[in-house]
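Subject: Structure handover

Hello,

Here is the structure I promised to pass on. Please open it and keep it in view while you read my notes.

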Amino acid sequence: MISIYKSKSEVDNTLENLDNIEPGCWINVTAPSDEEIILLSKKTGVSMEFLRSPLDDEETSRIEQDGSNVLVIVDIPFTEMEDNSLTYDTYPLAIIHTEKNIITVCLKNSKIITDFIDGKIHSFYTFKRSRFILQILSRVATYYLLYLRQIDKKSLMIEKKLHKSMKNKELIQMLSLEKSLVYFSTSLKSNEITLEKMLKMDLMQRYPEDNDVLEDVIIENKQAIEMANIYSDILSGTMDAFASVIANNLNIVMKVLASVTIVMSIPNMVSGLFGMNVSGIPLSGTGNGFAIILGGITILCILVTIFLNKMDMF
């Protein structure tokens, strides 16, 4: 899907939805078809290779230049619902800087892009192309930090459930969060290299404040990397600890069951002896034989229980 937007003026940054491509407009492309890529390439002069690059979800962050066109690919965070649980992943976003326009291409509709469409970003103008790129990158870093905090809170909630649980469900959820942190950390490190390259390119600093904005984005990206590494280490240690706790709880249950089995085997052993087809069974001539035997079994069970309790088997 191709959408075309343009700011009304330098005073009014309200976006207008256009039908045709004009100088100073923003072209947002989401999951384009081959026909849309060919049409867009013809109208903008951007190579189809640039337009197809972000459609591979394994594409790494980088920056390339082809004549007057500059391609910036960054990994952006996404949230998805999977088995009634919120999961986190990353996908590549391509930002193409041309002489007249800005083009963004992504496999999925992102909150980062919709924030610009919904007017949540102040001082955003489609014709300020280099500033627009920096604003997108700043928004990417902001969402990484936001999702990292969400992951931390979610891991704390799961940790509380693990205190009372011996099931694998919570551990699987923790494993999913750990995978998300690995994806985030890898993507953030790739983005850092791209941002450092952009800092050296004069093309991306056309306005006096642009250099400061880019440096702020780099700082936020480094902060996100540190947070991802810290949360990943904590989560990994927590998973190892609770895996040991669950294994220990299972051992305790098995120990108790073994003790109960020992105690319950005593009446079976005694009744088995008296049930044999032999002569001269003790107490067979007395009227209270059954009561005496039952009492003996009870006392024996109590003594074995006390012994096992001293052995910390109960």
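Does I246 count as buried or exposed? At 12% relative accessibility, I246 counts as buried. Buried means under 20% relative accessible area, exposed means over 50%, and partly exposed lies in between (1.4 Å probe, protein chains only).

Some ground rules. This is a predicted model, in which local features need pLDDT of at least 70 and side-chain atom pairs count only at pLDDT 80 or more, while totals for chains, interfaces and linings use all residues. Residues are numbered from 1 along each chain as its sequence is written, and side-chain values use heavy atoms, with hydrogens and water left out.

The overall picture

The protein has seven helices and seven strands. Helices (H or I, at least four residues) and strands (E, at least two) are DSSP runs, numbered from the N terminus. Along the sequence the pattern is β-β-β-α-α-β-β-β-β-α-α-α-α-α. There are 314 residues, and 41% of them count as buried. The protein exposes about 17400 Å² (Shrake-Rupley method, 1.4 Å probe). Carbon and sulfur atoms supply 56% of that area. Take the contacts with a separation of 6 or more: residues 24 or more positions apart account for 64% of them. Contact means heavy atoms within 4.5 Å.

A helix pair

Two packed helices are described by the angle between their axes and the distance between the axes. Look at α4 (residues 129-162) and α5 (residues 169-199). Their axes come within 10 Å and cross at roughly 160°. Axes are lines fitted to C-alpha atoms, for helices over the stretch in contact, and angles run from 0 to 180 degrees between N-to-C directions. The two helices are therefore roughly antiparallel (an angle over 145 degrees). The residues of their contact divide into 18 nonpolar, five polar and three charged. Asp, Glu, Lys and Arg count as charged; Ala, Val, Leu, Ile, Met, Phe, Trp, Tyr, Cys and Pro count as nonpolar; the others, Gly among them, are polar.

- I246 sits in helix α6 (residues 210-274). Its C-alpha atom is separated by 9.1 Å from that of H163, 83 residues apart along the chain.
- S3 is in strand β1 (residues 2-7). S3 is buried, with a relative accessible area of 12%. Not counting residues up to four places away in sequence, S3 touches W26, I27 and N28.
- A31 lies in the loop between β3 (26-30) and α1 (34-44). A31 is partly exposed, at 43% relative accessibility. A31 has a positive phi of about 45°, although it is not a glycine. Most residues other than glycine have a negative phi.

Best wishes

How values were computed. Parallel < 35°, antiparallel > 145°, perpendicular 65-115°, else oblique.
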